[in-house]
Amino acid sequence: MPRLDRSGIHMKTKAKKIVSKKSTIIACLYGSSKFCQYSMVSLCQKNVGGISARPRNFVPAECLRVMSNKIFTVLLCAVVPVALLAEPVELRSSDGFISVEGEIVGFNGVMLSVETSVGRVSVPAEEVACYGAACVDMMANNDFGLTERNLQGVFGGDSDVALPELRDDLTIGFSDPAQRLLFDTLTATFAVAAETSSRIDLTTPGVLTLENEAGNEVAALTLLDADAAADLTVATTSLNGSLAATYAAPLDWAITPQPSHQMVGLNAFVVVVNPKVQIAAISIEQLAAIYAGEITNWSVLGGPDMAIVPLQLPLNSPLRNELISLVMAPAGKTIASTVLTMAQEASIATSVNQFPGSISVVSVGNAADNVTVPVSGFCSLAVEADDFNILSGDYPLIRPAMVSYVQPVTASLVPELFDFATAKVAQDVLAREGYINQTAIVQDVGRKNVRLGQLLNATLQPAQKTAAAAMFQSLFEAERLSPTLQGGITSGPEGAWNRAMFHSLAHTLKTPPYQGREVLFVGFANSANGDQAAIDTSAQVAATMRSAFTQFAPDVVLNNRLKLSSMGFGSVAPVTCYSGQVSSSTYSRVEIWLR
């Protein structure tokens with residue numbers, strides 16, 4: 001998916017890299033003004049001859065891709081085109097993929113105002129270099145208070161100079177062999193999928209090299225052993241527990257060229273118990289207490305008067321380490337020495353059926369015919385481990401595989417590689433390797449109707465009654481898609497989850513079955529400040545998420561004629577616990593529905 005700037009314009013497109021040397025098309029945020037909304041296509045058609053580009057089948061959607069740049073460059077539409085420019089310069093971002101040509105007519109200390117052949121645009125000075133004789137004159141005359149220190153550089157010669165090179169030499173490590181297999185599968189699929197113009201070189205043993213089409217961006221990843229310190233690490237990463245804030249707003253995690261984490265795969269744990277245990281559900285906190293040796297009898301959890309027999313894998317097992325990361329560590333507990341150890345995961349599933357009172361945690365694919373128990377997070381809402389609940393993150397024992405960045409990147413090639421993990425071709429291949437296919441699916445209509453039906457007899461406060469009525473009316477004829485997002489301020493892993501959800505949603509919504517549909521961003525929240533505050537927060541985060549997606553995938557919205565709406569219903573009819581890794585008085589989630 002192309003990167004966007006904060007105004008919604010594509011700032012970098014990897015699939016088709018287009019460098020405009022002599023003329024520039026300024027594309028606008030879809031729907032931001034009548035000029036942008038109704039004249040964008042004709043503007044593209046008029047200017048297509050001036051683009052130095054090589055894409056096949058140039059279509060109106062490419063207009064949104066022409067002005068691309070990985071940096072957050074804000075290009076704002078003007079209302080009146082101008083004629084020839086008196087003192088033209090070229091303002092070019094550090095990656096060199098895009099340039100804005102025109103006359104600098106103002107500087108407010110942050111943004112440069114530039115008159116171009118299609119109108120006035122604004123560009124952040126610190127993100128561009130100035131090329132042309134007029135640049136030198138302006139620095140000498142101190143026009144608008146602009147100095148060389150405000151820019152990345154000033155070059156007085158021809159602006160058609162060699163593009164500056166960006167290079168990343170990084171190491172990548174893996175928490176266990178399964179993560180190395182995930183990486184190898186992803187990179188091999190990336191190399192043959194032909195969904196990008198970037199080149200990938202796998203010929204050097206232990207080194208993966210990426211190069212963009214222009215030849216000025218290179219990234220080399222040296223593969224390390226599992227126990228070696230690395231610049232990047234692939235590991236299962238918990239969405240439970242507490243972490244510091246990394247992203248303040250959706251656009252921060254959606255389009256950043258330097259993410260702290262990226263999600264590349266998904267799996268899940270299930271809790272299996274002996275058939276005689278007969279408990280309705282279990283919470284993550286109770287599960288941690290069982291493995292810590294603090295809860296030892298099923299009667300404590302509403303089951304029979306029977307000793308609890310927890311089973312685990314060996315100390316060096318990757319799955320045991322994941323159990324610690326996802327269950328024990330967030331609860332602040334350690335596994336007791338009295339927990340029985342089994343040699344293999346398959347033997348655990350068999351033993352649970354044989355040993356009275358036994359319980360264990362296994363991969364969802366190895367549950368076989370065992371009795372599985374719904375799991376709740378740190379609230380009382382228990383969720384079954386079905387496909388939809390895992391994909392949406394409603395189920396709390398999901399196991400996201402993520403890349404964490406210790407060393408930030410300078411080129412955009414590495415984030416592009418890991419964003420590719422959400423593509424359908426990548427998901428199909430990863431599913432054959434035992435990972436859960438993250439391609440968006442629709443929730444079973446029966447499950448949806450049960451949720452909405454509960455609104456009719458629920459005991460609600462006055463503010464909630466109004467929200468419940470609106471929710472029933474708005475969603476009764478709608479269907480829910482699996483991508484679901486964490487609202488508000490997020491941690492690095494939460495931002496990675498959301499970024500993957502945006503990509504998955506965009507891949508789905510661009511397909512013909514969704515043409516002309518209304519996409520609803522539906523917010524839910526709880527708040528320490530009461531029901532109305534929760535409703536207001538949920539509406540706000542949903543609107544913010546809708547706006548972010550419009551800017552993240554404007555070509556999808558425009559080409560498939562999608563209508564995007566948002567609404568919020570507070571804490572009415574929750575399907576999972578509303579919590580987050582970043583400490584807050586309010587937690588929120590945004591679901592995706594279709595009408």
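1. Before you start: residues are numbered from 1 along each chain as its sequence is written, and side-chain values use heavy atoms, with hydrogens and water left out. As this is a predicted model, local features need pLDDT of at least 70 and side-chain atom pairs count only at pLDDT 80 or more, while totals for chains, interfaces and linings use all residues.

2. A search of the whole structure turns up two disulfides (pairs of cysteine sulfur atoms within 2.5 Å). In one, the sulfur atoms of Cys 130 and Cys 135 are 1.9 Å apart. This link of Cys 130 and Cys 135 is left-handed, with -75° about the S-S bond. Both Cys 130 and Cys 135 are buried (under 20% relative accessible area; exposed is over 50%, partly exposed in between, with a 1.4 Å probe and protein chains only).

3. Cys 379 and Cys 577 form a disulfide as well, with sulfur atoms 1.8 Å apart. The pair joins distant parts of the chain, 198 residues apart. Cys 379 is partly exposed at 31% relative accessible area, whereas Cys 577 is buried at 12%.

4. Now look at Thr 484, in strand β23 (residues 479-486); strands are DSSP runs (E, at least two residues), numbered from the N terminus. Thr 484 has 1% relative accessibility, so it counts as buried. Its side chain reaches the backbone oxygen of Ser 482 at 3.0 Å.

5. Gln 312 belongs to strand β16 (residues 309-312) and, at 6% relative accessibility, counts as buried. Leaving aside residues up to four places away in sequence, Gln 312 touches several residues, including Tyr 291, Arg 320 and Ile 348 (contact means heavy atoms within 4.5 Å).

Conventions: Helix = DSSP H or I, 4+ residues; strand = E, 2+ residues; numbered from the N terminus. Polar contact = N/O pair within 3.5 Å; in protein donor to acceptor, adjacent residues only side chain to side chain.
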